[in-house]
Amino acid sequence: MTSQSQGIQQLLQAEKRAKDKLEEAKKRKGKRLRQAKEEAIAEIDHYRLQREKEFRNKQTNVMGSQGNLSAKIEEQTKETVRNLTSSYHKNMETMMKKLLSTICDINPEVHPNFRQAA
């Protein structure tokens with residue numbers, strides 16, 4: 001009987017060791033799953049930050065070029081206004097004299113199509 005009880009004891013101990021190994025394996029699996037999840041989240045965050053940085057760079061390039069275009073147009077407009085103002089001040093005196101001479105200097109003459117009644 002002792003040999004049977006020893007055999008039973010050995011089986012129980014083997015079962016206990018197997019159960020312990022199983023528990024340990026489950027714990028390692030759970031730990032590895034958590035670790036994998038954390039690594040995946042970190043990788044996703046890194047990828048997201050990288051893509052956002054690329055997006056901001058592209059957006060800056062596009063918006064920056066629009067800002068440069070706006071500044072160019074503004075500068076061209078100011079230059080055109082300066083040119084027109086300069087031309088106005090340069091030619092104003094001459095044009096006023098021509099306008100006044102055309103209005104005030106009247107030379108009465110008969111129109112070429114006028115026929116005198118016979």
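User: Which residue has its backbone oxygen 2.9 Å from a polar atom of the side chain of Thr80?

Analyst: The residue is Gln76. Such a pair is a polar contact, meaning two N or O atoms within 3.5 Å; within protein, one must be able to donate a hydrogen and the other to accept it, and residues adjacent in sequence count only if both atoms are side-chain atoms. Please note that this is a predicted model, in which local features need pLDDT of at least 70 and side-chain atom pairs count only at pLDDT 80 or more, while totals for chains, interfaces and linings use all residues. Residues are numbered from 1 along each chain as its sequence is written, and side-chain values use heavy atoms, with hydrogens and water left out.

User: Where is Thr80 found, and is Thr80 buried or partly exposed?

Analyst: Thr80 belongs to helix H1. Helices are DSSP runs of H or I with at least four residues, strands are runs of E with at least two, and both are numbered from the N terminus. Thr80 has a relative accessible area of 44%, so it is partly exposed. Buried means under 20% relative accessible area, exposed means over 50%, and partly exposed lies in between (1.4 Å probe, protein chains only).

User: What separates the C-alpha atoms of Thr80 and Leu49?

Analyst: The separation is 46 Å, for two residues that are 31 residues apart along the chain.

User: What share of the chain is buried?

Analyst: Buried residues make up 0% of the 118 residues. The chain exposes about 12,000 Å², of which carbon and sulfur atoms supply 57%. Accessible areas come from the Shrake-Rupley method with a 1.4 Å probe, and for residues only the protein chains shown count as cover.

User: Changing topic, how many salt bridges are there?

Analyst: There are six salt bridges. A salt bridge is a side-chain nitrogen of Lys or Arg within 4 Å of a carboxyl oxygen of Asp or Glu. Side chains of opposite charge can pair when their charged atoms come close. One of the bridges links Arg32 and Glu39, with the closest N and O atoms 3.9 Å apart.

User: Which residues does Arg82 pair with?

Analyst: Arg82 meets Glu75 in a salt bridge at 3.4 Å, N to O. Arg82 also forms a salt bridge with Glu79, where the closest N and O atoms are 2.6 Å apart. Glu79 and Arg82 lie three residues apart in helix H1 (residues 2-104), about one turn of the helix. Shared partners join Glu75, Glu79 and Arg82 into one network.

User: Which residues make the nonpolar surface patch?

Analyst: Tyr88, Met92, Met96, Leu99 and Ile103 make this patch of about 500 Å². Patches consist of residues with over 30% relative accessible area and no salt bridge; like charges are joined within 9 Å, and nonpolar side chains (Val, Leu, Ile, Met, Phe, Trp, Tyr) within 5 Å. Ile103 lies in helix H1 and counts as exposed because its relative accessibility is 52%.

User: Which residues does the UniProt "coiled-coil region" cover?

Analyst: According to the unreviewed UniProt entry, this annotation covers residues 5-39. UniProt positions are given in the numbering used here, feature names are shortened, and annotations may be inferred rather than shown by experiment. In the model, residues 5-39 are 100% helix and 0% strand, with the end C-alpha atoms 50 Å apart.
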